[in-house]
Amino acid sequence: MEEESDNLMTRRGSECVNDSQIPFSNFRDLTKRYKNELFILDRNDSQTFTKFNLATIGALLDEREASQRLRRIIIDREQPKFSTTLPKIIAKDGKRVLQKLNIIQQKAVLKALTANDYLLLKGLPGTGKTQTIVAIVSLLAMMGKSVIITSHTHSAVDNVLLRLLKENLQFLRLADPSRVPDEIRNYCECVLTIDCKTPEDLKNLYETYNIVGVTCLGSAHPLLVHRTFDVCIVDEATQVLQSTVIRPLISANKFLLVGDPEQLPPIVKSKAAKKLGADESLFARLDSPEATVVLSLQYRMNKTIAKLANSLTYKGELKCANDTVASSTIALPNQIASREKWMVKCLSSHIDQSVILLNTDNVFNRSEEFSKNFSRKLNYTSEDTTDKSAETKVKTRTYSNFCEAGVVLALINSLVQAGVAGSDIGVIATFTSQVKLLRNMVDKFEMDILQEHRGIEVNTVDQYQGRDKSIIIYSCTKCDNPDAVADGVKDTEILQDFRRLTVAITRSRHKLIIIGDIKSLNVYTPFKELFSHLKGMSKLDLNEGKQDFSWQQVMDKLGVLENKVDV
Ligand SMILES: Nc1ncnc2c1ncn2[C@@H]1O[C@H](COP(=O)(O)OP(=O)(O)OP(=O)(O)O)[C@@H](O)[C@H]1O
(Lines give C-alpha, C1' and ligand atoms only; values in the text may rest on other atoms or scores of the structure.)
Protein backbone atom coordinates (compact mmCIF):
# COMPACT_ATOMS: atom_id res chain seq x y z
CA MET A 1 0.00 0.00 0.00
CA GLU A 2 1.39 3.37 -0.96
CA GLU A 3 1.04 6.16 1.49
CA GLU A 4 1.25 9.82 0.71
CA SER A 5 1.52 11.36 4.10
CA ASP A 6 0.18 14.72 2.91
CA ASN A 7 -3.08 13.12 1.88
CA LEU A 8 -3.85 10.83 4.74
CA MET A 9 -7.17 10.94 6.47
CA THR A 10 -6.41 11.36 10.15
CA ARG A 11 -9.70 11.16 11.97
CA ARG A 12 -8.98 8.47 14.47
CA GLY A 13 -8.92 10.44 17.71
CA SER A 14 -6.36 9.24 20.16
CA GLU A 15 -5.18 6.27 18.08
CA CYS A 16 -1.69 6.44 16.74
CA VAL A 17 -1.92 8.17 13.37
CA ASN A 18 1.32 9.48 11.99
CA ASP A 19 3.14 9.97 8.72
CA SER A 20 3.71 6.30 8.14
CA GLN A 21 0.90 4.54 10.00
CA ILE A 22 -2.88 4.53 10.12
CA PRO A 23 -4.58 1.77 12.07
CA PHE A 24 -7.70 0.33 10.37
CA SER A 25 -10.30 -1.61 12.28
CA ASN A 26 -13.00 -3.97 10.91
CA PHE A 27 -11.26 -4.22 7.57
CA ARG A 28 -11.44 -7.39 5.56
CA ASP A 29 -8.13 -8.87 4.62
CA LEU A 30 -7.80 -7.23 1.22
CA THR A 31 -4.61 -9.07 0.35
CA LYS A 32 -6.58 -12.26 -0.31
CA ARG A 33 -8.35 -10.86 -3.36
CA TYR A 34 -6.23 -7.90 -4.28
CA LYS A 35 -2.78 -9.21 -3.70
CA ASN A 36 -1.05 -7.09 -6.30
CA GLU A 37 -3.31 -4.07 -6.21
CA LEU A 38 -2.04 -0.65 -5.25
CA PHE A 39 -4.31 1.24 -2.86
CA ILE A 40 -4.17 4.98 -2.49
CA LEU A 41 -5.64 6.70 0.53
CA ASP A 42 -7.34 10.02 -0.15
CA ARG A 43 -7.95 12.63 2.46
CA ASN A 44 -11.59 13.48 2.98
CA ASP A 45 -11.99 16.74 4.85
CA SER A 46 -15.09 16.93 7.01
CA GLN A 47 -17.45 19.49 5.56
CA THR A 48 -19.78 19.75 8.55
CA PHE A 49 -17.93 22.53 10.33
CA THR A 50 -17.39 24.57 7.15
CA LYS A 51 -21.04 24.18 6.14
CA PHE A 52 -22.21 25.19 9.60
CA ASN A 53 -20.11 28.36 9.50
CA LEU A 54 -21.19 29.27 5.97
CA ALA A 55 -24.85 28.72 6.87
CA THR A 56 -24.39 30.94 9.91
CA ILE A 57 -22.96 33.77 7.82
CA GLY A 58 -25.94 33.28 5.48
CA ALA A 59 -28.31 33.55 8.43
CA LEU A 60 -26.60 36.74 9.60
CA LEU A 61 -27.22 38.29 6.19
CA ASP A 62 -30.91 37.48 5.87
CA GLU A 63 -33.78 39.88 6.44
CA ARG A 64 -35.29 38.66 9.68
CA GLU A 65 -35.32 41.11 12.59
CA ALA A 66 -32.82 39.09 14.68
CA SER A 67 -30.26 39.14 11.86
CA GLN A 68 -30.70 42.86 11.28
CA ARG A 69 -30.20 43.52 14.99
CA LEU A 70 -27.05 41.41 15.08
CA ARG A 71 -25.68 43.13 11.98
CA ARG A 72 -26.09 46.50 13.68
CA ILE A 73 -24.07 45.20 16.61
CA ILE A 74 -21.45 43.13 14.80
CA ILE A 75 -20.92 45.05 11.58
CA ASP A 76 -21.99 48.60 12.48
CA ARG A 77 -20.68 48.16 16.02
CA GLU A 78 -23.68 49.77 17.64
CA GLN A 79 -22.96 50.34 21.34
CA PRO A 80 -25.12 48.51 23.90
CA LYS A 81 -27.95 50.28 25.70
CA PHE A 82 -29.02 49.70 29.27
CA SER A 83 -32.29 50.27 31.06
CA THR A 84 -32.17 52.13 34.34
CA THR A 85 -34.56 49.99 36.34
CA LEU A 86 -34.53 46.42 37.54
CA PRO A 87 -37.57 44.17 37.83
CA LYS A 88 -39.20 44.35 41.27
CA ILE A 89 -38.72 40.63 41.85
CA ILE A 90 -34.93 41.09 41.87
CA ALA A 91 -35.14 43.66 44.65
CA LYS A 92 -37.53 41.38 46.51
CA ASP A 93 -36.03 37.91 46.05
CA GLY A 94 -32.63 38.44 44.41
CA LYS A 95 -30.73 39.01 47.64
CA ARG A 96 -30.19 35.32 48.36
CA VAL A 97 -28.46 34.93 44.99
CA LEU A 98 -26.50 38.18 45.08
CA GLN A 99 -25.15 37.74 48.59
CA LYS A 100 -22.97 34.84 47.44
CA LEU A 101 -21.09 37.21 45.15
CA ASN A 102 -18.45 39.84 45.72
CA ILE A 103 -19.29 43.46 44.97
CA ILE A 104 -17.73 43.41 41.49
CA GLN A 105 -19.61 40.24 40.54
CA GLN A 106 -22.84 41.75 41.90
CA LYS A 107 -22.43 44.88 39.77
CA ALA A 108 -21.70 42.71 36.72
CA VAL A 109 -24.83 40.63 37.32
CA LEU A 110 -27.04 43.69 37.64
CA LYS A 111 -25.53 45.24 34.53
CA ALA A 112 -26.24 42.01 32.65
CA LEU A 113 -29.88 42.13 33.73
CA THR A 114 -30.30 45.72 32.61
CA ALA A 115 -28.57 45.29 29.23
CA ASN A 116 -31.06 45.67 26.40
CA ASP A 117 -29.06 44.02 23.64
CA TYR A 118 -25.67 42.72 24.78
CA LEU A 119 -22.91 42.81 27.36
CA LEU A 120 -19.38 41.44 27.57
CA LEU A 121 -18.15 39.99 30.83
CA LYS A 122 -14.37 39.96 30.94
CA GLY A 123 -13.36 37.41 33.54
CA LEU A 124 -9.67 37.56 34.38
CA PRO A 125 -8.23 34.20 35.57
CA GLY A 126 -9.91 32.74 38.67
CA THR A 127 -12.37 35.63 39.10
CA GLY A 128 -15.50 33.49 39.33
CA LYS A 129 -16.88 33.63 35.77
CA THR A 130 -18.86 30.45 36.28
CA GLN A 131 -20.17 31.62 39.66
CA THR A 132 -21.31 34.88 38.05
CA ILE A 133 -22.99 33.10 35.12
CA VAL A 134 -24.85 30.85 37.56
CA ALA A 135 -26.09 33.90 39.48
CA ILE A 136 -27.29 35.56 36.26
CA VAL A 137 -29.13 32.42 35.17
CA SER A 138 -30.71 32.04 38.64
CA LEU A 139 -32.03 35.61 38.55
CA LEU A 140 -33.26 35.27 34.97
CA ALA A 141 -35.11 32.12 36.02
CA MET A 142 -36.64 34.08 38.89
CA MET A 143 -37.84 36.64 36.34
CA GLY A 144 -39.37 33.84 34.23
CA LYS A 145 -36.93 34.48 31.37
CA SER A 146 -35.62 31.83 28.97
CA VAL A 147 -31.86 31.29 28.52
CA ILE A 148 -29.54 29.42 26.15
CA ILE A 149 -26.24 28.45 27.75
CA THR A 150 -23.62 27.71 25.16
CA SER A 151 -19.88 27.41 24.55
CA HIS A 152 -17.52 25.82 22.04
CA THR A 153 -17.01 22.61 24.06
CA HIS A 154 -19.36 20.20 25.80
CA SER A 155 -17.27 20.40 28.96
CA ALA A 156 -17.62 24.19 29.18
CA VAL A 157 -21.42 23.95 28.79
CA ASP A 158 -21.62 21.16 31.38
CA ASN A 159 -19.36 23.05 33.79
CA VAL A 160 -22.13 25.67 34.08
CA LEU A 161 -24.99 23.12 34.05
CA LEU A 162 -23.41 21.13 36.90
CA ARG A 163 -23.38 24.29 38.99
CA LEU A 164 -27.05 24.98 38.06
CA LEU A 165 -27.95 21.54 39.37
CA LYS A 166 -26.67 22.60 42.78
CA GLU A 167 -29.08 25.55 42.61
CA ASN A 168 -31.96 23.15 41.82
CA LEU A 169 -32.52 24.70 38.42
CA GLN A 170 -34.03 22.45 35.75
CA PHE A 171 -32.72 22.49 32.20
CA LEU A 172 -32.76 20.68 28.89
CA ARG A 173 -29.41 19.51 27.55
CA LEU A 174 -29.21 19.17 23.79
CA ALA A 175 -26.44 16.59 23.39
CA ASP A 176 -25.80 12.93 23.03
CA PRO A 177 -25.78 11.47 26.58
CA SER A 178 -22.43 9.84 25.87
CA ARG A 179 -20.87 13.32 25.58
CA VAL A 180 -21.95 14.64 28.99
CA PRO A 181 -21.09 13.84 32.65
CA ASP A 182 -23.23 11.22 34.46
CA GLU A 183 -25.08 13.84 36.52
CA ILE A 184 -26.32 15.57 33.35
CA ARG A 185 -27.46 12.46 31.43
CA ASN A 186 -31.03 12.51 32.72
CA TYR A 187 -31.42 16.04 31.39
CA CYS A 188 -30.51 15.12 27.84
CA GLU A 189 -33.06 15.53 25.10
CA CYS A 190 -33.34 11.83 24.27
CA VAL A 191 -34.07 10.93 27.90
CA LEU A 192 -36.59 13.73 28.50
CA THR A 193 -38.47 13.13 25.25
CA ILE A 194 -38.77 9.37 25.68
CA ASP A 195 -42.52 9.52 26.41
CA CYS A 196 -43.36 11.95 23.62
CA LYS A 197 -45.62 10.24 21.06
CA THR A 198 -46.57 13.10 18.73
CA PRO A 199 -44.94 16.24 17.31
CA GLU A 200 -47.20 18.26 19.64
CA ASP A 201 -45.87 16.36 22.66
CA LEU A 202 -42.37 17.19 21.55
CA LYS A 203 -43.20 20.85 20.95
CA ASN A 204 -44.83 21.15 24.38
CA LEU A 205 -41.87 19.54 26.07
CA TYR A 206 -39.36 21.74 24.29
CA GLU A 207 -41.33 24.81 25.32
CA THR A 208 -41.47 23.76 28.96
CA TYR A 209 -37.77 24.27 29.48
CA ASN A 210 -36.60 27.80 30.04
CA ILE A 211 -32.95 26.87 30.37
CA VAL A 212 -31.30 25.04 27.50
CA GLY A 213 -27.64 23.94 27.32
CA VAL A 214 -26.06 23.29 23.92
CA THR A 215 -22.68 23.77 22.24
CA CYS A 216 -22.44 26.48 19.58
CA LEU A 217 -22.17 23.80 16.92
CA GLY A 218 -25.27 22.07 18.31
CA SER A 219 -27.31 25.25 18.10
CA ALA A 220 -28.68 24.54 14.63
CA HIS A 221 -31.11 22.27 16.49
CA PRO A 222 -34.77 22.78 15.45
CA LEU A 223 -35.64 23.94 18.96
CA LEU A 224 -33.38 26.97 18.57
CA VAL A 225 -34.58 27.55 15.03
CA HIS A 226 -38.25 27.71 16.07
CA ARG A 227 -38.03 29.38 19.45
CA THR A 228 -36.64 32.76 20.45
CA PHE A 229 -35.03 32.89 23.87
CA ASP A 230 -34.69 35.96 26.05
CA VAL A 231 -30.95 35.64 26.60
CA CYS A 232 -28.03 33.68 25.16
CA ILE A 233 -24.98 33.29 27.41
CA VAL A 234 -21.73 32.21 25.74
CA ASP A 235 -19.06 30.95 28.13
CA GLU A 236 -15.41 30.93 27.01
CA ALA A 237 -16.59 33.19 24.19
CA THR A 238 -13.06 34.35 23.40
CA GLN A 239 -12.29 30.88 22.06
CA VAL A 240 -15.15 30.63 19.57
CA LEU A 241 -14.95 31.68 15.92
CA GLN A 242 -17.26 34.56 15.03
CA SER A 243 -18.91 32.51 12.31
CA THR A 244 -19.69 29.80 14.88
CA VAL A 245 -20.88 31.92 17.78
CA ILE A 246 -23.38 33.92 15.73
CA ARG A 247 -25.67 30.89 15.25
CA PRO A 248 -26.93 30.65 18.86
CA LEU A 249 -27.06 34.47 19.13
CA ILE A 250 -29.67 34.58 16.35
CA SER A 251 -32.01 32.56 18.58
CA ALA A 252 -32.04 35.10 21.43
CA ASN A 253 -33.14 38.68 22.02
CA LYS A 254 -29.98 39.63 23.84
CA PHE A 255 -26.61 38.06 24.52
CA LEU A 256 -23.87 37.91 27.07
CA LEU A 257 -20.33 36.95 26.06
CA VAL A 258 -18.07 35.74 28.85
CA GLY A 259 -14.32 35.25 28.46
CA ASP A 260 -10.85 36.74 28.65
CA PRO A 261 -9.34 38.11 25.43
CA GLU A 262 -5.88 38.00 27.07
CA GLN A 263 -6.07 34.19 27.01
CA LEU A 264 -6.09 31.86 24.01
CA PRO A 265 -8.14 32.90 20.93
CA PRO A 266 -10.08 30.55 18.60
CA ILE A 267 -7.86 27.98 16.92
CA VAL A 268 -7.26 28.85 13.27
CA LYS A 269 -4.61 26.84 11.45
CA SER A 270 -4.64 28.61 8.11
CA LYS A 271 -2.15 31.47 8.08
CA ALA A 272 -4.05 33.20 5.27
CA ALA A 273 -7.30 33.08 7.28
CA LYS A 274 -5.49 34.35 10.35
CA LYS A 275 -4.10 37.25 8.39
CA LEU A 276 -7.65 38.16 7.40
CA GLY A 277 -8.69 38.15 11.07
CA ALA A 278 -10.36 34.75 11.40
CA ASP A 279 -8.96 34.25 14.88
CA GLU A 280 -10.53 37.44 16.21
CA SER A 281 -13.37 36.36 18.49
CA LEU A 282 -16.63 38.31 18.61
CA PHE A 283 -15.68 39.20 22.17
CA ALA A 284 -12.42 40.79 21.02
CA ARG A 285 -14.27 42.59 18.22
CA LEU A 286 -16.91 44.14 20.48
CA ASP A 287 -14.69 44.73 23.52
CA SER A 288 -14.97 48.40 24.60
CA PRO A 289 -15.34 50.31 27.89
CA GLU A 290 -19.05 50.87 27.13
CA ALA A 291 -19.77 47.23 26.38
CA THR A 292 -17.52 45.42 28.86
CA VAL A 293 -17.54 44.83 32.59
CA VAL A 294 -14.42 43.34 34.14
CA LEU A 295 -14.34 40.74 36.90
CA SER A 296 -11.05 41.48 38.59
CA LEU A 297 -11.19 39.97 42.08
CA GLN A 298 -9.52 36.60 41.77
CA TYR A 299 -9.69 33.57 44.08
CA ARG A 300 -6.87 31.50 42.60
CA MET A 301 -3.35 32.90 42.69
CA ASN A 302 -1.47 34.11 45.75
CA LYS A 303 -0.14 37.65 45.61
CA THR A 304 3.28 36.75 44.16
CA ILE A 305 1.82 34.81 41.24
CA ALA A 306 -0.89 37.45 40.70
CA LYS A 307 1.81 40.15 40.68
CA LEU A 308 3.64 38.36 37.87
CA ALA A 309 0.39 38.04 35.88
CA ASN A 310 -0.22 41.75 36.41
CA SER A 311 3.31 42.68 35.32
CA LEU A 312 3.16 40.56 32.18
CA THR A 313 -0.44 41.07 31.11
CA TYR A 314 -3.09 42.54 33.36
CA LYS A 315 -1.43 45.88 34.21
CA GLY A 316 -2.42 45.79 37.88
CA GLU A 317 -6.08 45.05 37.12
CA LEU A 318 -6.01 41.60 38.75
CA LYS A 319 -6.63 41.79 42.51
CA CYS A 320 -6.60 39.06 45.17
CA ALA A 321 -10.15 38.69 46.47
CA ASN A 322 -9.07 38.48 50.14
CA ASP A 323 -6.08 38.02 52.45
CA THR A 324 -6.42 34.24 52.53
CA VAL A 325 -6.10 34.03 48.75
CA ALA A 326 -3.24 36.56 48.75
CA SER A 327 -1.14 34.83 51.38
CA SER A 328 -1.76 31.12 50.84
CA THR A 329 1.35 29.17 49.89
CA ILE A 330 2.41 25.63 49.08
CA ALA A 331 1.57 23.12 51.85
CA LEU A 332 4.05 20.28 52.40
CA PRO A 333 2.71 17.63 54.82
CA ASN A 334 6.21 16.16 55.41
CA GLN A 335 9.67 17.65 55.63
CA ILE A 336 11.58 17.93 52.37
CA ALA A 337 13.79 14.85 52.17
CA SER A 338 16.33 16.49 49.88
CA ARG A 339 19.08 18.58 51.46
CA GLU A 340 20.11 20.09 48.14
CA LYS A 341 19.90 23.86 48.42
CA TRP A 342 18.37 24.39 44.97
CA MET A 343 15.57 21.95 45.78
CA VAL A 344 14.92 23.45 49.21
CA LYS A 345 14.59 26.84 47.55
CA CYS A 346 12.25 25.51 44.86
CA LEU A 347 9.91 23.97 47.44
CA SER A 348 10.09 26.87 49.88
CA SER A 349 6.70 27.90 51.23
CA HIS A 350 7.86 31.50 51.64
CA ILE A 351 5.35 33.70 49.80
CA ASP A 352 8.12 35.60 47.99
CA GLN A 353 9.35 32.33 46.51
CA SER A 354 6.02 31.29 45.05
CA VAL A 355 7.43 31.89 41.58
CA ILE A 356 10.81 30.36 40.74
CA LEU A 357 12.59 30.56 37.40
CA LEU A 358 15.13 27.77 36.92
CA ASN A 359 17.61 28.79 34.27
CA THR A 360 19.11 25.66 32.73
CA ASP A 361 21.53 27.53 30.42
CA ASN A 362 22.12 25.78 27.13
CA VAL A 363 21.58 22.06 27.59
CA PHE A 364 21.11 21.21 23.91
CA ASN A 365 24.17 18.98 23.61
CA ARG A 366 23.61 17.32 26.98
CA SER A 367 19.98 16.62 26.08
CA GLU A 368 20.94 15.27 22.63
CA GLU A 369 23.60 13.06 24.16
CA PHE A 370 21.10 11.61 26.60
CA SER A 371 18.43 11.14 23.94
CA LYS A 372 20.80 9.08 21.78
CA ASN A 373 20.67 6.32 24.35
CA PHE A 374 16.92 6.29 24.67
CA SER A 375 15.20 8.00 21.75
CA ARG A 376 15.08 4.96 19.48
CA LYS A 377 13.39 2.91 22.14
CA LEU A 378 10.95 5.64 23.10
CA ASN A 379 10.46 6.92 19.59
CA TYR A 380 11.09 10.54 20.48
CA THR A 381 12.37 13.06 18.03
CA SER A 382 13.96 16.27 19.00
CA GLU A 383 13.47 18.30 15.87
CA ASP A 384 12.09 16.45 12.93
CA THR A 385 8.45 17.28 12.62
CA THR A 386 7.21 19.31 9.73
CA ASP A 387 3.83 20.97 9.58
CA LYS A 388 2.03 19.39 6.66
CA SER A 389 -1.20 21.37 6.71
CA ALA A 390 -2.17 22.39 3.20
CA GLU A 391 -0.96 25.98 3.20
CA THR A 392 1.95 25.84 5.56
CA LYS A 393 4.66 23.97 3.78
CA VAL A 394 7.27 25.86 5.78
CA LYS A 395 9.22 23.61 8.04
CA THR A 396 8.50 24.01 11.70
CA ARG A 397 10.06 22.11 14.55
CA THR A 398 8.82 20.33 17.56
CA TYR A 399 11.07 20.16 20.54
CA SER A 400 11.76 17.93 23.45
CA ASN A 401 14.30 18.57 26.14
CA PHE A 402 15.54 15.68 28.26
CA CYS A 403 17.41 17.90 30.70
CA GLU A 404 14.25 19.83 31.54
CA ALA A 405 12.46 16.48 31.89
CA GLY A 406 15.17 15.43 34.38
CA VAL A 407 14.62 18.58 36.45
CA VAL A 408 10.83 18.06 36.36
CA LEU A 409 11.36 14.50 37.60
CA ALA A 410 13.60 15.67 40.47
CA LEU A 411 10.96 18.25 41.47
CA ILE A 412 7.96 15.90 41.42
CA ASN A 413 9.97 13.27 43.26
CA SER A 414 10.72 15.73 46.07
CA LEU A 415 7.13 16.99 46.14
CA VAL A 416 5.76 13.46 46.42
CA GLN A 417 8.28 12.62 49.15
CA ALA A 418 7.09 15.73 50.96
CA GLY A 419 3.57 14.26 50.91
CA VAL A 420 1.96 16.38 48.18
CA ALA A 421 -1.01 14.71 46.44
CA GLY A 422 -0.48 13.98 42.72
CA SER A 423 -3.71 15.79 41.86
CA ASP A 424 -2.19 19.02 43.25
CA ILE A 425 0.71 18.91 40.79
CA GLY A 426 0.39 20.01 37.19
CA VAL A 427 3.11 19.91 34.55
CA ILE A 428 2.82 22.12 31.48
CA ALA A 429 5.04 22.03 28.41
CA THR A 430 5.11 24.31 25.41
CA PHE A 431 5.38 21.59 22.75
CA THR A 432 3.46 18.35 22.34
CA SER A 433 6.64 16.31 21.92
CA GLN A 434 7.80 17.46 25.36
CA VAL A 435 4.34 16.67 26.76
CA LYS A 436 4.69 13.12 25.39
CA LEU A 437 8.13 12.74 26.88
CA LEU A 438 7.00 14.04 30.27
CA ARG A 439 3.84 11.92 30.28
CA ASN A 440 5.82 8.79 29.59
CA MET A 441 8.20 9.73 32.39
CA VAL A 442 5.39 10.52 34.86
CA ASP A 443 3.57 7.26 34.01
CA LYS A 444 6.69 5.28 34.86
CA PHE A 445 7.36 7.36 37.96
CA GLU A 446 3.83 6.74 39.23
CA MET A 447 4.21 2.96 38.97
CA ASP A 448 6.25 2.97 42.19
CA ILE A 449 4.37 5.44 44.34
CA LEU A 450 1.25 5.26 46.48
CA GLN A 451 -2.15 5.81 44.91
CA GLU A 452 -2.72 9.18 46.62
CA HIS A 453 0.39 10.63 45.00
CA ARG A 454 -0.63 9.55 41.51
CA GLY A 455 -2.67 11.66 39.12
CA ILE A 456 0.03 14.18 38.23
CA GLU A 457 -1.30 15.82 35.09
CA VAL A 458 0.92 16.70 32.12
CA ASN A 459 -0.60 18.83 29.37
CA THR A 460 -0.01 21.58 26.86
CA VAL A 461 -0.89 25.17 27.71
CA ASP A 462 -3.99 24.97 25.53
CA GLN A 463 -5.34 22.03 27.46
CA TYR A 464 -4.78 23.82 30.76
CA GLN A 465 -6.87 26.87 29.87
CA GLY A 466 -9.72 27.25 32.39
CA ARG A 467 -8.04 24.93 34.94
CA ASP A 468 -5.75 25.28 37.90
CA LYS A 469 -3.47 23.34 40.26
CA SER A 470 -1.79 24.16 43.54
CA ILE A 471 1.64 23.64 41.97
CA ILE A 472 2.52 24.13 38.32
CA ILE A 473 5.85 23.17 36.78
CA TYR A 474 6.27 24.75 33.36
CA SER A 475 8.84 23.20 31.03
CA CYS A 476 9.50 25.89 28.40
CA THR A 477 11.52 23.28 26.42
CA LYS A 478 13.13 25.39 23.69
CA CYS A 479 16.90 25.31 23.71
CA ASP A 480 18.94 26.27 20.63
CA ASN A 481 21.59 24.14 19.09
CA PRO A 482 24.70 26.23 19.81
CA ASP A 483 26.51 24.82 16.74
CA ALA A 484 23.68 25.35 14.28
CA VAL A 485 24.04 27.63 11.30
CA ALA A 486 20.83 29.37 10.25
CA ASP A 487 19.01 26.69 8.29
CA GLY A 488 15.94 28.52 7.07
CA VAL A 489 13.69 26.53 9.35
CA LYS A 490 10.79 28.71 10.37
CA ASP A 491 10.53 28.75 14.10
CA THR A 492 7.26 28.29 15.78
CA GLU A 493 4.82 31.09 16.58
CA ILE A 494 3.97 29.41 19.85
CA LEU A 495 6.75 31.18 21.74
CA GLN A 496 5.77 34.58 20.41
CA ASP A 497 2.26 34.34 21.78
CA PHE A 498 1.66 36.54 24.83
CA ARG A 499 -1.74 34.95 25.40
CA ARG A 500 -0.33 31.43 25.61
CA LEU A 501 2.28 32.54 28.14
CA THR A 502 -0.41 34.35 30.12
CA VAL A 503 -2.42 31.13 30.38
CA ALA A 504 0.68 29.17 31.45
CA ILE A 505 1.58 31.50 34.32
CA THR A 506 -1.97 31.91 35.65
CA ARG A 507 -2.75 28.21 36.32
CA SER A 508 -1.12 27.79 39.72
CA ARG A 509 -2.57 28.73 43.07
CA HIS A 510 0.51 28.49 45.30
CA LYS A 511 3.70 27.66 43.40
CA LEU A 512 4.88 28.26 39.86
CA ILE A 513 8.21 26.77 38.79
CA ILE A 514 9.37 27.78 35.31
CA ILE A 515 12.22 25.81 33.73
CA GLY A 516 13.96 27.16 30.65
CA ASP A 517 17.10 28.36 28.92
CA ILE A 518 16.88 32.12 29.34
CA LYS A 519 19.29 32.85 26.49
CA SER A 520 17.40 30.79 23.90
CA LEU A 521 14.03 32.11 25.04
CA ASN A 522 15.03 35.76 25.35
CA VAL A 523 14.64 36.28 21.60
CA TYR A 524 10.87 35.88 22.03
CA THR A 525 9.31 39.11 23.29
CA PRO A 526 6.81 37.53 25.74
CA PHE A 527 9.56 35.49 27.43
CA LYS A 528 11.96 38.41 27.48
CA GLU A 529 9.30 40.46 29.21
CA LEU A 530 8.51 37.61 31.64
CA PHE A 531 12.16 37.14 32.59
CA SER A 532 12.59 40.85 33.18
CA HIS A 533 10.15 40.45 36.11
CA LEU A 534 11.89 37.40 37.58
CA LYS A 535 15.09 38.51 39.19
CA GLY A 536 16.74 38.16 42.61
CA MET A 537 15.01 35.60 44.82
CA SER A 538 12.83 34.36 42.00
CA LYS A 539 15.68 33.21 39.78
CA LEU A 540 18.04 30.31 40.19
CA ASP A 541 20.79 29.25 37.77
CA LEU A 542 21.18 25.50 37.52
CA ASN A 543 24.97 25.46 37.37
CA GLU A 544 26.93 22.29 38.00
CA GLY A 545 28.07 22.24 41.61
CA LYS A 546 26.26 25.43 42.63
CA GLN A 547 23.49 25.22 45.26
CA ASP A 548 24.22 21.45 45.36
CA PHE A 549 22.92 21.04 41.83
CA SER A 550 24.34 18.27 39.65
CA TRP A 551 23.29 17.50 36.07
CA GLN A 552 24.88 14.10 36.41
CA GLN A 553 22.58 13.16 39.29
CA VAL A 554 19.49 14.58 37.61
CA MET A 555 20.17 12.74 34.33
CA ASP A 556 21.13 9.49 36.08
CA LYS A 557 17.75 9.43 37.83
CA LEU A 558 15.99 10.09 34.54
CA GLY A 559 18.03 7.33 32.93
CA VAL A 560 16.96 4.81 35.57
CA LEU A 561 13.35 5.67 34.82
CA GLU A 562 13.82 5.56 31.04
CA ASN A 563 15.25 2.08 31.36
CA LYS A 564 11.96 0.85 32.74
CA VAL A 565 9.66 -1.00 30.39
CA ASP A 566 7.09 1.29 28.78
CA VAL A 567 3.77 1.31 30.58
N1 LIG B 1 -17.77 35.55 45.37
C2 LIG B 1 -17.01 34.52 45.67
N3 LIG B 1 -16.73 34.23 46.96
C4 LIG B 1 -15.92 33.20 47.28
N5 LIG B 1 -15.36 32.38 46.39
C6 LIG B 1 -15.60 32.63 45.09
C7 LIG B 1 -16.43 33.69 44.65
N8 LIG B 1 -16.48 33.68 43.30
C9 LIG B 1 -15.72 32.65 42.89
N10 LIG B 1 -15.19 32.02 43.96
C11 LIG B 1 -14.30 30.86 43.93
O12 LIG B 1 -13.29 31.09 42.98
C13 LIG B 1 -12.97 29.89 42.30
C14 LIG B 1 -13.09 30.13 40.81
O15 LIG B 1 -14.45 30.34 40.53
P16 LIG B 1 -15.08 29.92 39.13
O17 LIG B 1 -14.84 28.48 38.87
O18 LIG B 1 -16.47 30.44 39.07
O19 LIG B 1 -14.08 30.82 38.27
P20 LIG B 1 -13.84 30.92 36.75
O21 LIG B 1 -13.57 32.36 36.48
O22 LIG B 1 -14.98 30.26 36.02
O23 LIG B 1 -12.51 30.10 36.59
P24 LIG B 1 -11.54 30.07 35.35
O25 LIG B 1 -10.67 31.28 35.46
O26 LIG B 1 -10.78 28.81 35.57
O27 LIG B 1 -12.40 30.07 34.12
C28 LIG B 1 -13.92 28.82 42.81
O29 LIG B 1 -13.27 28.04 43.77
C30 LIG B 1 -15.03 29.62 43.43
O31 LIG B 1 -15.65 28.94 44.50
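## The sheet

In this predicted model, an open sheet is built from 7 strands. Their order across the sheet is β3-β4-β2-β5-β6-β1-β7, and the pairing is parallel. The edges of the sheet are held by β3 (172-173) and β7 (292-295). Each of these two strands has a single partner strand, so one side of each is left without a neighbour in the sheet.

## The surroundings of the ligand

Which residues are closest to the ligand? They are Q105, G126, K129, T130 and R300, out of 15 residues that surround the ligand. Helix α6 (residues 129-142) supplies the largest share of this shell, namely 3 residues.

The shell may also be described by residue class. It comprises 8 polar, 4 charged and 3 nonpolar residues.

## Backbone contacts and burial

A backbone N or O atom of Q131 lies 3.0 Å from an oxygen atom of the ligand. For G466, a backbone N or O atom is found 3.1 Å from a ligand oxygen atom. At N102, a polar backbone atom lies 3.4 Å from a nitrogen atom of the ligand.

How much of the ligand's exposed area does the protein bury? Taken alone, the ligand exposes 630 Å², and the protein buries 69% of that area.

Key:
Residues are numbered from 1 along each chain as its sequence is written. This is a predicted model: local features need pLDDT of at least 70, side-chain atom pairs count only at pLDDT 80 or more; totals for chains, interfaces and linings use all residues. Side-chain values use heavy atoms; hydrogens and water are left out. A residue is near a molecule or strand if one of its heavy atoms lies within 4 Å of it. A polar contact is a pair of N or O atoms within 3.5 Å; within protein, one must be able to donate a hydrogen and the other to accept it, and residues adjacent in sequence count only if both atoms are side-chain atoms. Accessible areas come from the Shrake-Rupley method with a 1.4 Å probe; for residues, only the protein chains shown count as cover. Helices (H or I, at least four residues) and strands (E, at least two) are DSSP runs, numbered from the N terminus. Ala, Val, Leu, Ile, Met, Phe, Trp, Tyr, Cys and Pro count as nonpolar, Asp, Glu, Lys and Arg as charged, and the others, Gly among them, as polar. Two strands pair if DSSP finds at least two bridges between them.
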